Amino acid sequence: MRQVNVSQITETVRRLCIEANTHLPEDVKCAIETCRACEDGAIAQGVLDNIIENYNIADWENVPICQDTGMACVFLEIGQDVHLVGGDLRSAVDEGVRQGYDQGYLRKSVVKDPVRRGNTGDNTPAMLYTEIVPGENVKITVGPKGFGSENMSAIRMFKPSAGLQGIKDFILETVEAAGPNPCPPMVIGVGIGGTFDKAALLAKKAIMRPLDTHHPDPFYAELEDEMLEKVNALGIGPQGFGGRTTAIGLNIETLPTHIAGMPCAININCHVTRHKTEVL
Amino acid sequence: MEKHITLPLTEELARTLKAGDTVYLTGTIYTSRDAGHKRMCEALARGEELPFDPQDATIYYVGPTPAKPGQVIGSAGPTTSGRMDAYAPTMMSVGARGMIGKGARLPEVVDAMKMFSGVYFGAIGGAGALLAKCIKKCELIAYEDLGAEALRKLYVEDMPLVVIIDSEGNNLYETGRAEYLASRV
């Protein structure tokens with residue numbers, strides 16, 4: 001049994017909040033630059049050039065890539081041989097978010113009540129997901145999620161008879177409805193299977209997966225490529241001004257599901273697809 | 001077409017701008033998001049004055065990150081304009097002609113733009129670090145309790161924008177996409 005003090009979790013969450021908001025992952029940069037090379041239109045090229053210049057400025061000057069520094073989605077994979085000591089885990093994570101958003105000059109974008117509103121002032125609480133896994137490590141991922149794109153996400157409980165075509169149509173319909181609002185080029189996360197809630201979580205995990213990876217099952221790996229191509233044939237383009245690059249990536253995650261259903265969730269993200277992981 | 005323009009956004013100037021134009025904007029603009037717009041429209045409904053003179057004014061839909069020491073403002077890219085659709089016609093009716101944001105607008109907003117010679121500019125969503133470079137002055141003028149959503153007066157120089165919807169109702173989101181798709185046939 002390994003002991004981990006929750007103060008280490010606070011410190012790591014603090015640092016990851018700042019780093020994720022300041023430095024875009026290399027796979028995302030690479031996808032944007034590859035797409036820039038494939039654009040022909042002057043406006044689309046100009047937009048992608050500005051997007052590249054923007055993340056370079058953020059890198060050099062250590063400033064947030066985007067002003068919507070998001071809700072702090074924190075994923076903890078806790079080894080079953082770990083004993084957490086020194087305090088309450090939820091409070092430790094929130095303290096990390098509080099310190100990170102304060103010290104990193106990040107925007108506080110969380111309201112304490114969904115209907116009655118009122119800013120919490122420190123970007124807490126974190127959206128915390130915990131999973132118990134084998135081993136004695138604690139893996140921490142922070143993925144700040146902006147809401148311009150989150151608002152364009154969708155979920156549907158399909159009948160199994162809708163089949164693959166139902167899912168394909170739903171992806172295109174959701175991207176079409178999102179149009180220019182989620183700051184395209186987008187990253188599209190698709191979660192298929194599980195239950196209502198698990199499908200949504202799969203979709204969120206899908207946008208966090210590196211864009212240069214595929215689903216391990218060739219059936220879904222091919223579907224990822226096919227749907228990315230179809231999304232990019234819609235013509236929405238960078239910022240919705242028209243062009244090839246509507247999305248820079250489309251990842252699918254799946255789970256077994258019930259004989260009576262086929263849940264499908266689509267989580268939309270913008271080109272500022274931020275996440276950073278560290279293992280304690 | 002590429003144009004360098006200086007505010008205020010008079011009716012005459014607004015009418016020269018066309019959907020698809022790349023514009024470098026210089027002058028004074030005001031920031032506001034949902035909560036600020038709600039308060040301003042409530043103030044107008046009570047017959048009160050706004051915290052700034054709306055005549056020929058341009059409003060930037062933005063909630064910046066806090067400025068680091070030595071910075072004028074933190075990262076400051078546009079937020080989704082559709083959330084201001086409920087308030088934009090009222091703001092235009094008292095003279096605020098320019099809007100800077102990103103994303104689609106409702107037909108009611110476009111109708112008001114045609115009536116009041118409004119212009120909807122797009123700034124690049126997610127390019128907050130780049131856009132902050134154009135902001136040379138920032139002054140908090142009202143609604144401080146709203147934090148990132150407080151009303152600020154900004155002075156911008158050569159802010160890179162694209163005219164999305166012009167005063168005649170032409171819409172780059174429709175024409176730009178149609179042109180791209182036509183070029184693929």
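The model is predicted, so to speak of local features a pLDDT of at least 70 is needed, side-chain atom pairs count only at pLDDT 80 or more, and totals for chains, interfaces and linings use all residues. Residues are numbered from 1 along each chain as its sequence is written, while chains are lettered from A and ligands numbered from 1 in the order in which they are written.

## A sheet in chain A

Let's begin with an open sheet of four strands in chain A, ordered E6-E9-E7-E8 with mixed pairing. Helices (H or I, at least four residues) and strands (E, at least two) are DSSP runs numbered from the N terminus, and two strands pair if DSSP finds at least two bridges between them. The edges are taken by E6 (154-158) and E8 (247-257) of chain A, each with a single partner strand, so one side of each has no neighbour in the sheet. From one strand to the next, the twist averages 15°.

Inside that order, E7 (residues 186-194) and E9 (residues 262-269) of chain A run antiparallel to each other, paired over six bridges. Across from Val187(A) you'll find Asn269(A) of E9(A).

Two helices pack on this sheet. Helix H7 (residues 196-208) of chain A touches E6, E7, E8 and E9 of chain A, and its direction makes about 145° with that of E7(A). Helix H8 (residues 218-231) of chain A touches E7 and E8 of chain A, at about 140° to the direction of E8(A). For such angles, axes are lines fitted to C-alpha atoms, for helices over the stretch in contact, and angles run from 0 to 180 degrees between N-to-C directions. Contact here has a simple rule: the C-beta atoms of two residues, placed from the backbone, lie within 7 Å.

## The cores

Now for the nonpolar cores, sets of buried Ala, Val, Leu, Ile, Met, Phe, Trp, Tyr and Cys residues joined through C-beta atoms within 7 Å. Buried means 20 or more other C-beta atoms within 10 Å of a residue's own, exposed means 12 or fewer, and partly exposed is in between, with C-beta atoms placed from the backbone. The largest core has 98 residues, and the members touching the most others are Ile188(A), Val190(A), Ile59(B), Phe121(B) and Ile164(B). E7(B) gives the most to this core, nine residues.

Take Val190(A): leaving out residues up to four places away in sequence, its contacts are Ile171(A), Ala203(A), Ala206(A), Leu250(A), Ile252(A), Cys264(A) and Ile266(A). There is also a second, separate core of 25 residues, with Leu16(A), Ile18(A), Cys73(A) and Val93(A) among them.

## Two helices crossing

In chain A, the axes of H1 (residues 6-22) and H4 (residues 89-103) come within 7 Å and cross at roughly 35°. Sorted by class, their contact has 10 nonpolar, seven polar and three charged residues. Ala, Val, Leu, Ile, Met, Phe, Trp, Tyr, Cys and Pro count as nonpolar, Asp, Glu, Lys and Arg as charged, and the others, Gly among them, as polar.

## Where the chains meet

Arg117(A) counts as exposed because it has 10 other C-beta atoms within 10 Å. Over in chain B, Pro8(B) is in the loop between strand E1 (2-6) and helix H1 (11-16). Asp56(B) belongs to the loop between helix H2 (34-45) and strand E3 (58-60) of chain B, and is partly exposed, with 17 other C-beta atoms within 10 Å.
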